[in-house]
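Q: Please take a close look at the aromatic rings of this protein, and describe one part in detail.
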Amino acid sequence: MAPRNVVNLTGAGISAESGVPTFRDAGGLWEGHRFEDVATPEAFARDPETVQRFYDLRRAALPSVHPNTAHRALAELAARWPGRLTLVTQNVDDLHDRAQAEVPPAKGFRLIHMHGELAKARCTASGTVVDWPGDMAPHEPSRHHQSGRMRPHIVWFGEVPLEMDAIEAALATCGLFVSIGTSGAVWPAAGFVRAARAAGARTLEINLDPSMGTPLFDEARHGPASVEVPKWVAGLLSPPPAARA
């Protein structure tokens, strides 16, 4: 019997095939920067010009990358799944959003950007989040609170990921948890498979190579997300032979 409620977790591996740089290269750098210099609240307080420029460049690069077949397959799943489907992404790009704009999702679908979104900005005082397609000045003033300024809507190291209550609730009631293109090394996302297993869900890893968390999954499929995700979605959406008879 197919599970009614599904939780998908996606990481850098799904967007890497679209040309989005992965979180860290072999030298331990993030696009040429130490994460301490561009991805912490302390860095923003110390050197806002460097931090804002780093995210300005990443934001400006978004139009040059496009959803791939894995993003589109998950969008098709979101449009056709009859139960509740929660897609939690660690990625801050907008590739899932664009793929889903092509195929409007069903009522039971929810997309959660747990690490924030590149194309949005947040007021440091009020917490107001707004669309922000262009550059941000080092001390970009806020229009929402006189004592605030605008910062990238990104969860930096030392900050709590977004919508954790909703994620935990989805994991507690899911029948299938699928991790796609993630290393299994970054918490709290690395613990999602354990939460799903505790709830009695089946678990599947789809990753280019075995991850640190592979032994925790009931099943693992290794290969490019652009190949493996469409195959998995097609199988999930196809009724078994008995149901077709």
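Which residue lies over the face of tryptophan 156?

A: Arginine 151 lies over the face of tryptophan 156, at 3.8 Å from the ring centre; a charge counts as over a ring if NZ of Lys or CZ of Arg is within 6 Å of the ring centre and within 35 degrees of the ring normal. The model is predicted, so local features need pLDDT of at least 70 and side-chain atom pairs count only at pLDDT 80 or more, whereas totals for chains, interfaces and linings use all residues. Residues are numbered from 1 along each chain as its sequence is written, and side-chain values use heavy atoms, with hydrogens and water left out.

Rings of Phe, Tyr and Trp (its six-membered ring) pair if their centres lie within 6.5 Å; planes under 30 degrees apart count as stacked, over 60 as edge-to-face and the rest as tilted. By this rule there are five aromatic pairs. In one of them, the ring centres of phenylalanine 44 and tryptophan 156 are 5.4 Å apart and the planes meet at 45°, so this pair is tilted. Its partners are 112 residues apart in the chain: phenylalanine 44 belongs to helix α3 (residues 41-46), and tryptophan 156 to the loop between β6 (150-154) and α7 (164-172). Helices (H or I, at least four residues) and strands (E, at least two) are DSSP runs, numbered from the N terminus.

Phenylalanine 44 is buried at 6% relative accessibility, and tryptophan 156 is buried at 2%; buried means under 20% relative accessible area, with a 1.4 Å probe and protein chains only. Phenylalanine 54 and tyrosine 55 have ring centres 4.9 Å apart and planes at 90°, so they are edge-to-face. Phenylalanine 54 is buried at 5%, and tyrosine 55 is buried at 0%. Ring pairs join Phe44, Phe54, Tyr55 and Trp156 into a cluster.

How values were computed
Buried means under 20% relative accessible area, exposed over 50%, partly exposed in between (1.4 Å probe, protein chains only).
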